[in-house]
Every structure is written in C-alpha cells, then in structure tokens.
Amino acid sequence: MYIAIEGTKGTGKSTLLENLKRKLQQDGIDFQMFAPTKAMPKEIWWEKAYSDYCQDDIFLDSLYTARANYHASQIDFDRSLVLGDRSILTSYVTRWPHDDLKRLLPYLDQIRQKEFLVPLPDLVLYLDLPLEVTLTRLEQRKRHYGIYDEQVDRLLQAKNAYEFLLQHKNQLSFSHMQYQWVDASQKPQDLLENVYALVVEYLEKCELFQ
C-alpha cells in the first residue's frame, strides 16, 4: 500500500510526516519513506551541478525527474506500507497546463514517461487549507520557498490543480487511486491522530495490518 501525503506549501505536510513516522515506529508498523523531490546523494552529477544551474528551468525540470526516478528505484512498492512525502501528483501540479482534458491527457502521459519508475499512489491524503490561512502560515515561517511559489496566483493554481486531479481521476485514468480530503486547519495533534487512523483503516481494509 502506497499512501502519499499531498497539499500545497504551508498545509503542514512536513510536521505531519515527522509526527506520523514517529508514531508508526512507536507502534511497530513497518514502512518505507518515499520522497520523490528529496535531493539525491551529493556525489551524483545532478546534485553536483545544482549550484551552477539552479536558475535554469530546463535543468531543474530534469533534476526533479532524476530525483523521482532515483528514489523510486530504492523503494519496494510491494511492501505493506510505503509512506509518500508527496508523489507524482506533485509533478503534475507543478507545471499544470490547463483544466482541459484534451490537453491534460498528453501532458500527464509525458510526465509518466519521464518519471517511469514512479507509480501512482494507492491512496492520497490531501491536506486542504483555505488559501488565506496558507499565506498567513508561510509568512509566519519566515522561510524562503522561492518568489514564484509563494505568489497567490501560484498557490491558487496549485490548489485548483490538486482538486481537479482528484475530482476527475477516473477520466484521467487514475481510477484505482483513492483519495481522502483532510482538514489541515486542525491542531497538529488532532491532525496526526486523524491521519494515523486513516492509514491504519486502509491497511486493515487491504488486510495488510491486523
């Protein structure tokens, strides 16, 4: 079972995942972590070249493709639980073309061909948060995510893209992928308990956890 946590910046994915990993470990639930956007080992050429080409859009696109395939090659997706810090849906959303199915299908196929080792999640837990709350959180964090990513238009586009993908998954050939909307405005402990319960519920449903 491959379960991915998705959502725009500011929805609390990192905090949730750290707490969720700790709780799974404490309860003796075996899992692997898959983070397709995480940096590869620094000796790999792509990471060595990052400082020289980090402003090059074509390089960055190829870098994230290489990262996704590298990390997917290290994962046994047949394990009872693979927990995803994002997924291929992140790649779909990043360069979202338009909410037009005729244009979307070739676009999605192109990304699938590039990230050929990365499967779709079995379950997506989408952290949903009002845009105004997201912007307030990002401002309070005092972190630099990149000027473009923090713009209201970009965050709104990403939020709308996620919602379109999930709501039209059957037309987009994602029929086997399940999803669950999760209210990310909850207190961190409540969010953790609710997401943990969802993970255990799906594992039990698939008879992967008793």
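**Exercise 1.** In what order do the five strands of the open sheet lie?

Before we start: this is a predicted model, where local features need pLDDT of at least 70 and side-chain atom pairs count only at pLDDT 80 or more, while totals for chains, interfaces and linings use all residues. Residues are numbered from 1 along each chain as its sequence is written, and side-chain values use heavy atoms, with hydrogens and water left out.

- Step 1: Strands are DSSP runs of E with at least two residues, and helices are runs of H or I with at least four, numbered from the N terminus.
- Step 2: Two strands pair if DSSP finds at least two bridges between them.
- Step 3: The order is S2-S3-S1-S4-S5, with parallel pairing.
- Step 4: S2 and S5 (178-183) each have a single partner strand, so one side of each is left without a neighbour in the sheet.

**Exercise 2.** Look at how S4 (residues 123-128) pairs with S5.

- Step 1: The two run parallel over six bridges.
- Step 2: Within this pairing, find leucine 125, which sits opposite glutamine 180 in S5.

**Exercise 3.** Is methionine 33 buried or exposed, or something in between?

- Step 1: Find methionine 33 in strand S2 (residues 32-34).
- Step 2: Buried means under 20% relative accessible area, exposed over 50%, and partly exposed in between (1.4 Å probe, protein chains only).
- Step 3: Methionine 33 has 28% relative accessibility, so it counts as partly exposed.
- Step 4: Leaving aside residues up to four places away in sequence, methionine 33 touches Leu17, Lys21, Ile75, Leu83 and Asp85 (contact means heavy atoms within 4.5 Å).
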